[in-house]
Amino acid sequence: MPFSSREWHLAARPVGEPKPTDFTFVTTTVPDPGPGQVVVRNDFLSVDPYMRGRMNEGKSYVPQFELGEVMTGTAVGTVVASQAEEAAVGATVTHFLGWREYALLDAGSLQPVDPDLAPVQAYLGVLGATGLTAWAALRDTAPVREGDVVFVSGAAGAVGSVAGQFARRLGAAEVIGSAGGPAKAKLLTEHLGFDAALDYREGNIAGRLAEAAPEGIDVYLDNVGGDHLDAALAVMNPGGRIALVGAISGYNAAEPLPGPARLPLAIVKRITLRGMNVSDHADLADDFVRQAAVWLKDGSLVADETIVDGIDNAVEAFLAMMRGANTGKMLVRLTH
Ligand code: NAP
């Protein structure tokens, strides 16, 4: 029997911060699966910063959202109808047709996940792209060495909150994080194991990072760009390593922002700045999931989530995440 499904479409390309009117909520009917196809009932949707770039005209590393069409993104769900031997009804899977209640998919585009290893939504966060991003950035892109001082921005978010913990596991002697507001700063030191926390909303991030790291920093995982990247360049030790992971401070900017004024320090100090994209690190994923699931189970890895209920609130969840309403991974839970 065909499923009735509600889904979010992009109605207009946002200028600056997206508005609720840039999106429309549409009810549609998902056809029965044909040979080799399945219907998945989505249980959790991921809302992520990179989706902001997909709302703009023009190609980035992921194709743009098309106007008037349903948006996409990662989701985890349950197969509820199947015409494919390899995907039985009841299986838990992740896939890329988020922003909707039910998805019709070719079985080949599903990734089966083990619901006994961790709560299913973990595959959108700590065991999914965000966890792997943090791990690959600090293991490969800007490798942490024994005794390093490591700085992580966006440290209370999905990538940042686990990055601080991974830095420690990889040998960091000191881990400094920055986040927005006093409550998040407190969370960093009291809950997420950071040695020092900077509330960037207080201003003067460069001055306060210098105070927190009198011996300089060796590795910086940049989720934010802008003034944070500039501050890190100022205190970076010679030979330091920077993983350029994200630049969320500019994602809503209507015009390109100027680069960091202190970039020439990279020459003087022989700093390596390296862009990373998690899609280049798929080879690490299986081992990472196995290992991180063990850390999750034994309680040594803290993976916070902020959960918003209801497909009708998915756009608001995205907008709230961009404004910093989340700690850990922002997720939308669907009830059927
Ligand atoms: P997240 O950190 O869970 O959520 C976004 C956070 O950004 C918000 O909670 C907010 O926290 C912060 N923020 C918003 N505006 C800011 C500003 N102007 N200055 C400083 N912080 C700001 O999101 P995430 O999924 O973990 O992603 C974090 C970064 O990693 C993003 O830049 C994303 O694009 C990037 N990323 C890259 C890859 C890759 O493959 N390269 C993969 C995943 C994610 P505050 O309350 O602290 O402001």
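What follows looks at the ligand and its shell, then at a pocket, then at a cavity.

## The shell around the ligand

Keep in mind as you read that this is a predicted model. Which residues come nearest to the ligand? There are 27 residues around the ligand, and Val 159, Lys 184, Tyr 200, Val 278 and Asn 326 come nearest. Sorted by class, the shell has 14 nonpolar, 11 polar and two charged residues.

Domain 1 (3-125 + 303-333) and domain 2 (141-279) each give at least three residues to it. Among the helices, H2 (129-141), H3 (158-169) and H9 (314-323) each supply at least two residues of the shell.

## Polar atoms facing the ligand

Two of the residues named above return here with distances. Val 159 has a polar backbone atom 2.7 Å from an oxygen atom of the ligand. Asn 326 takes part through its side chain, where an N or O atom is 2.6 Å from a ligand oxygen. Met 276 has a polar backbone atom too, 2.9 Å from a nitrogen atom of the ligand.

How much of the ligand's accessible area does the protein cover? On its own the ligand has 900 Å² of accessible area, and the protein covers 90% of that.

## The second largest pocket

Next, turn to the second largest pocket, which holds about 340 Å³ of space. Its lining is made of 18 residues, and those nearest the centre are Gly 226, Ala 247, Gly 250, Leu 257 and Pro 258. By class, this lining has 10 nonpolar residues, six polar ones and two charged ones.

How many cavities of 30 Å³ or more does the structure hold? The answer is one. The largest cavity has a volume of about 90 Å³, and 14 residues line it. Nearest its centre you will find Gly 125, Val 126, Ala 303, Asp 304 and Lys 329. The lining divides into six nonpolar, five polar and three charged residues.

Definitions and conventions: Residues are numbered from 1 along each chain as its sequence is written. This is a predicted model: local features need pLDDT of at least 70, side-chain atom pairs count only at pLDDT 80 or more; totals for chains, interfaces and linings use all residues. Side-chain values use heavy atoms; hydrogens and water are left out. A residue is near a molecule or strand if one of its heavy atoms lies within 4 Å of it. A polar contact is a pair of N or O atoms within 3.5 Å; within protein, one must be able to donate a hydrogen and the other to accept it, and residues adjacent in sequence count only if both atoms are side-chain atoms. Accessible areas come from the Shrake-Rupley method with a 1.4 Å probe; for residues, only the protein chains shown count as cover. Helices (H or I, at least four residues) and strands (E, at least two) are DSSP runs, numbered from the N terminus. Ala, Val, Leu, Ile, Met, Phe, Trp, Tyr, Cys and Pro count as nonpolar, Asp, Glu, Lys and Arg as charged, and the others, Gly among them, as polar. Domain bounds come from an automatic or database domain assignment. On a 1 Å grid over the protein atoms alone, a cavity is a set of points where a 1.4 Å probe fits but cannot get out, and a pocket is an open set with protein on both sides within 12 Å along at least five of seven lines; lining residues have an atom within 4 Å of a point. Grid points are joined across faces, edges and corners, and a volume is the space filled by probe spheres set on the points.
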